[in-house]
Amino acid sequence: MEAASNAAVIGGGGGGEHLLASILFRIFGRGKRYYGEKEVVMKVVQWIRSACFVVREWALVPGLRVLVVACLIMSVIMVLDKIFMATVSLFVRLARRSPSKVYRWEPFADQVDEEMQQESIDSYPMVLIQIPLFNERQVYHVAIRAACNFSWPSDRLVIQVLDDSTDLVVRELVKEECEKWIRKGININLETRDNRKGYKAGALKDGLTCSYVQKCEYLAIFDADHQPAPDYLKQAIPFLIHNPKIGLVQARWKFANADECLMTRIQEMSMDYHFKVEQEAGSSTFAFFGFNGTAGIWRIIAVKEAGGWNERTTVEDMDLAVRASLKGWKFVYVGDIKVKSELPCTFKAYRYQQHRWACGPANLFRHMFLEIIKAKDVTIWKKFYLIYSFFFARKIVAHNVTFIFYSLVIPISIFFPQVEIPRWGVAYIPALITILSSVATPSSIHLALFWILFEQVMSFHRFKAVHVGLFEGERVNEWVVTEKFGSKNKPNNAKCGADQKKPQSKLWERLNVTELLLGLFLLMCASYDLAYRVKNYFIYIFPQSLSFFVIGFGYVGKFIPSNV
């Protein structure tokens, strides 16, 4: 009879409830079998079940519905902004409204030679080239050599190498490179600091205080890995000479190592979209976009009127651009001028870069929101564009909705069948965003699915970075220079040979624990959906979880062992 009674408790009606009752009874009943105790346990179980039901129906479900509505609104904001930018970019191409047709542009002479008359040479303005460096052993020489080969009168060009390197070997290499070009008659100056105050912004600011740069009218900036063509200055500076309201000319980046691995191909897709669509749209509508920090030329008076370089955030380039724009200066993006550069080929380097690029703008928005509203030299429409489109939609909303909606809300909704998400929010908007983002690189459109999955993983890191920037968290001013490996794109570039063995990496060095945990969470959600056929979201969530696992185990990009 006792066995039958126990079986009834375990296997009777409401199996889950009776099983829990049996467990509680055995824990608290201490082996005694009395009907009164069973009744108490059953009441406790019923109370727990009722409490869970109340919490689920009155807190979790309404909360999830609010999140769904918020995410749908953010999705609409993001997709409308992308449609606007894509429309502008398409119109510019179809109408052939190139910058040289919108603004006055007249070419310089084809070449500068010894027979050129002095008055012709004097027509070339004084240009300052700044090249900031920090421990970039593999690429320290790239931008220096490119700048020294500009087809520009040597007495109208000042090259300034700003070396903050703490690696003494790198410092010596940079010094030798500069001395080599000095012996060739190039006006190149090496400036070093014994501290990294202000990071890149601090170095650029200190460089402008040198006496020999005061005679310069224009300032071109190149990061260590950038390789401008010899005619770069001749192509860009005419926009500044003939259009006194233009304060900045930005060139497009091209990537020497785009075909190195799948991760760099995916990065190329994102960066091509940024330049061909985002920068083009900003330049063509409000003559404003975020300065990319390199491959651009400033009118020095515009830099000074804006207050110079400011190190309050890790996006000193965007900071200066916004302040200069509020002073009424116009910016021009010239996509036909291309500057070779290098994409980070390791996930660690890319992750640090994306943290800075997502955290910095959010932190800058916090600092400049009221300053934009109070600005007197710009129209209300430009203020609206800066606050809503440039900052809110692209720097805040996009990074939040991409992670919260697609990696949290949709997977969690599987456990709440009563929470419905419209198909247009789950499928149509993501599909449209994918199409708009991938068409900028037609040669890689077949990689769109990999782009989606990789960007979904990166959305987690950007989401964290945005909130660190908005609320000035611990890593708000973290500055890690993006690791580059030079034109050969090998971690041991200088000593690499055909017979060299590939360095071995240890599993625990490759692991990214957070990505593995998120992959496990998504796998659980997808498995539940597949088992009970709740919403059929598993079709997307299974590949999504796989992408988190792949990156979690470190099988993305190149991996450089700690002993290399």
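Trainee: Which residue follows α12 with a positive phi?

Mentor: In this predicted model, the residue after α12 is Gly-328, and its phi is positive, near 100 degrees.

Trainee: How many residues of helix α12 are buried?

Mentor: Burial is judged by relative accessible area, with under 20% counting as buried. Helix α12 spans residues 316-326, and because 11 of its 11 residues are buried, the helix is largely enclosed by the rest of the structure.

Trainee: Which residues have the most contacts inside the largest nonpolar core?

Mentor: A nonpolar core joins buried residues through side-chain atoms within 4.5 Å. Here the largest one has 104 residues, and Ile-129, Leu-233 and Trp-298 have the most contacts inside it. Helix α13 (residues 347-374) gives the largest share of this core, 7 residues. Apart from it lies another core, of 48 residues, with Met-74, Tyr-350, Tyr-406 and Phe-538 among them. Leaving aside residues up to four places away in sequence, Ile-129 touches Leu-233 as well as others, including Phe-150, Gln-160 and Phe-222.

Trainee: Where does a nonpolar patch form on the surface, and which residues make it?

Mentor: Val-40, Val-44, Trp-47 and Ile-48 form such a patch, with about 390 Å² of accessible area together, and Val-40 lies in helix α3 (residues 35-94).

Trainee: Is Cys-71 buried or exposed?

Mentor: Cys-71 is buried, with a relative accessible area of 1%, whereas Cys-52, at 49%, counts as partly exposed; the structure holds 0 disulfides.

How values were computed
Residues are numbered from 1 along each chain as its sequence is written. This is a predicted model: local features need pLDDT of at least 70, side-chain atom pairs count only at pLDDT 80 or more; totals for chains, interfaces and linings use all residues. Side-chain values use heavy atoms; hydrogens and water are left out. A disulfide is a pair of cysteine sulfur atoms within 2.5 Å. Buried means under 20% relative accessible area, exposed over 50%, partly exposed in between (1.4 Å probe, protein chains only). Helices (H or I, at least four residues) and strands (E, at least two) are DSSP runs, numbered from the N terminus. Contact means heavy atoms within 4.5 Å. Patches are made of residues with over 30% relative accessible area and no salt bridge: like charges are joined within 9 Å, nonpolar side chains (Val, Leu, Ile, Met, Phe, Trp, Tyr) within 5 Å. Accessible areas come from the Shrake-Rupley method with a 1.4 Å probe; for residues, only the protein chains shown count as cover. A salt bridge is a side-chain nitrogen of Lys or Arg within 4 Å of a carboxyl oxygen of Asp or Glu.
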